[in-house]
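Here are my notes on the model, for you to read beside the coordinates.

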Amino acid sequence: MEHITKRFGRATVLDGVSLDLHAGEVHALLGENGAGKSTLLKILAGVHTDHGGSIFLDGRLVRPRSPAHAGALGIAVIHQELSLLPALSIAENLFVERPLGRLGWIDRRRERASAARILGEVGLELDPDMLVEGLSLPERQLVEVARALGRGARVLIMDEPTSALAGPAIDRLFELVSGLRARGVAVVYVSHRMEEIERIADRLTVLRDGRVVGSARVGEVPLDQVVAWMLGPRSLAAEELPRPAPAREERLSVEAFSVDSVAFERPLVDRVSFVVFAGEIVGLFGLSDAGAGELLLGLSGALGARARAKEVRISSVPVRMGSPREARALGVAFVPADRKSMGLVPGMTAEHNGTLVTLPSLSPLGLLRPARERRAALGMAADVGLRPEALAMDAATLSGGNQQKVVLGKWLLDEPRLLLCDEPTRGVDVGAKAEIHAKLRALAARGAAVLVAGSDAREIAALADRVLVLRRGRIAAEVARAEATPAALLALAMGHDEGRA
Amino acid sequence: MSDKSLSPDVPAARSAGKTSAWHRSSLARALFSLALVLTLGVMFPAEGAFFRLGTHQGAWRQASVVGILACGLLPVILAGGIDLSVGSVLGLSAVVAAKLSIHAGEPGWLSVLLVLVMGAVCGAASGSVVAFARVQPFVATLAMMVFARGLAKMASGGTKVATAVPGPDGVLRYVEVPPLFRALDAPVLGGRVAAVTLVFLAIAAIVGFLCARHRLGRYLYAVGGNEEAARLSGVPVRATKILAYVICGVCAAVAGICQAAQEQQGDPEAGVSYELTAIAMVVIGGTSLKGGRGGMGLTLLGVLTIGYLDKILSINAVPEASRLMLTGAIVIVAAVAQKNS
């Protein structure tokens, strides 16, 4: 492998990134959300084709035009969301793009024999005729690797492959990666877990804001340096804001809270216990699969029976929150991370989105009162800093920042006692970000408890009075405001796992 | 940010939600479809028949029964569902209404009440299967469609329930057409409008009011637009869905009574394939089958478009085969036009 350079035009999601991948080497790629990792990998995999720069494969200039073309060139991706077809057999999945046979007639015997051979190479002793839906998650992942190898992949991109796995399966995966390395495959390994990177990777490269900010051999840089690369020089110190000490009045108490996973081998949140006091902003910091967002989702009642706890108390009263409606009745508000799919109703105006939560009190006897609703919506707009004219617009056409203001605003109208806010400012411009932060602080100052989950270390450090750092569904550390610098949080989130489940 | 320092006194755009760009363009397209069909009538007036009042009265009258079904379908479709059973529930209602008022001689109000309750039960059954068992609306209401048709045939004994009532000796006796049926079939307002047309307009007004001015209506749009966001906002998603199907079932029952009144009998085969015409009416109006977008105004335009198209083709003596083909083609053209909005 030689020299890979890519540029995006004016959008500069990637700004002149160069990356060398060597045969027989595992290259770890790190970076915060939005650093450009996935864009870079999508270019390599032929998903994005409108990029500048050039890609050389074995010294030859190539340009992946489509995922299929990238595959033919020998570049394969193992996605976080596995891309196998569950209703087909292993053999059929392995050859789904190019079935073996002639003139469109599939030679099943040949496929089965080839499949068995390829499965052997990845150490999977499975019948090729088994349906994929009957396989465990780690087995599926190995089948996916087998499929890539079956197509002669020489560059293998693995995007957080251990997210879903429990201990033994991780060991098995690492054995496989070592085997690939020995066979001369170049592996791109996206992860944020230093323990894994130290175990498996030869080199690491850190991206930030679309640039390569650091690259080194694994073991030659300390974790602190990697963290500093990821965060950049801007804000290694916590933003200092005087905050009144919260009253020690317990608002939320959670004991042994777990969220089961549909797809993962391990629970997404694993017997977590903590307390949030009134007037306090508590940050839940965790990277991608740490479970911070799932913890909030579970508390909001959105996951129903998948969320279990020994006990959840609100203001010292044991409660059950089996649905968002029940949670709302207890004064709990939930602002989801994904406002497009979970926060807003497209096609409905910002005004109607804004009054959706409090509509029962705005429509006595079920009859809508447009004037009353307008007043409430205008109050909300003024509260969160939304232009009143924006209220008449389809919520889907608003900017990310204004959409987030609507989602936050509809819950502020409900005057929650506990606000659960997942990634409060993802994809939001700087100005709106500051306004939303101010709003959350004001809410806490009025006596509400605020629980903010996120993977942006700077945001959590700036916002929270206290931070719980999560790793693989468990609370790995509790950090007081004074110690909660972005670097400290990130180092804790990336640090070694003490004893895996 | 330019969003700052704004006071709540600034008047917002007057009628938020009513005049969104989408709604305006949809309305324009629906009006265009109707205008196109009416132009067809002007171009082919069938020796002046198109310009006679009776033709228009007939067009409205004939569109009324299916129009009532379309009104009932609107809330279901707004909530992102579909109800294929309306034609069968219409047939069942026609049979039961005829049984009650012709054979059993029940008073009109009681017959109507019982039939409406039955329609509501059918809707509640479909809605519950959709909301609780999470069966796809298409499948759940397909099952109801078959079931209700079977029930209609069982209740009627497989024959039309007419004013010729077989006695115990097997001899047919003729009984009076019940007052309920006569009233519904009579022309009103000086003979210019059929009573069923008034029923249709009343149903349209009630359902339209529910959709536009009642909390349930807002919830229908919310559930159809983004069910997950609605659920997370505390919207009672299941109840909303079930109520939508109940409204639809009640409308189908009303349509069934009207159909029985017009035919002066309860035909267990009544309403076959009406569900498709009714869905076409809603869709031609511009209400999205994906849910969350549309409204009663658009649906009325859709009802009139199909109603007039049918009438214009029939006064020009276009044979039924060509009529069906032409209707199919025009539905596609209108649907494609709406889709590109």
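This is a predicted model: local features need pLDDT of at least 70, side-chain atom pairs count only at pLDDT 80 or more; totals for chains, interfaces and linings use all residues.

1. Residues are numbered from 1 along each chain as its sequence is written, chains are lettered from A and ligands numbered from 1 in the order in which they are written, and side-chain values use heavy atoms, leaving out hydrogens and water.

2. Let us start with the sheet in chain A. Its six strands follow the order β6-β9-β10-β3-β11-β12, open and with mixed pairing (strands are DSSP runs of E, at least two residues, and helices runs of H or I, at least four, numbered from the N terminus; two strands pair if DSSP finds at least two bridges between them). At the edges are β6 (75-78) and β12 (211-217) of chain A, each pairing on one side only. Strands β3 (residues 26-30) and β11 (residues 203-208) of chain A run parallel and are joined by four bridges; A:L29 has A:T205 as its bridge partner in β11(A).

3. Two helices are worth a look here. Helix α6 (residues 167-182) of chain A lies across β3, β9 (155-159) and β10 (186-190) of chain A, at about 160° to β9(A). Helix α8 (residues 223-231) of chain A lies across β3, β11 and β12 of chain A, at about 30° to β11(A). Axes are lines fitted to C-alpha atoms, for helices over the stretch in contact, with angles from 0 to 180 degrees between N-to-C directions; contact means heavy atoms within 4.5 Å.

4. Next, the interface. Chain B contributes 33 residues to the contact and chain A 50 residues. About 3,400 Å² is buried between chain B and chain A, with carbon and sulfur atoms giving 59% (the accessible area, 1.4 Å probe, that two parts lose on being put together, summed over both). B:R215, B:R218 and B:L232 supply 22% of the area that chain B buries against chain A, more than any other three residues.
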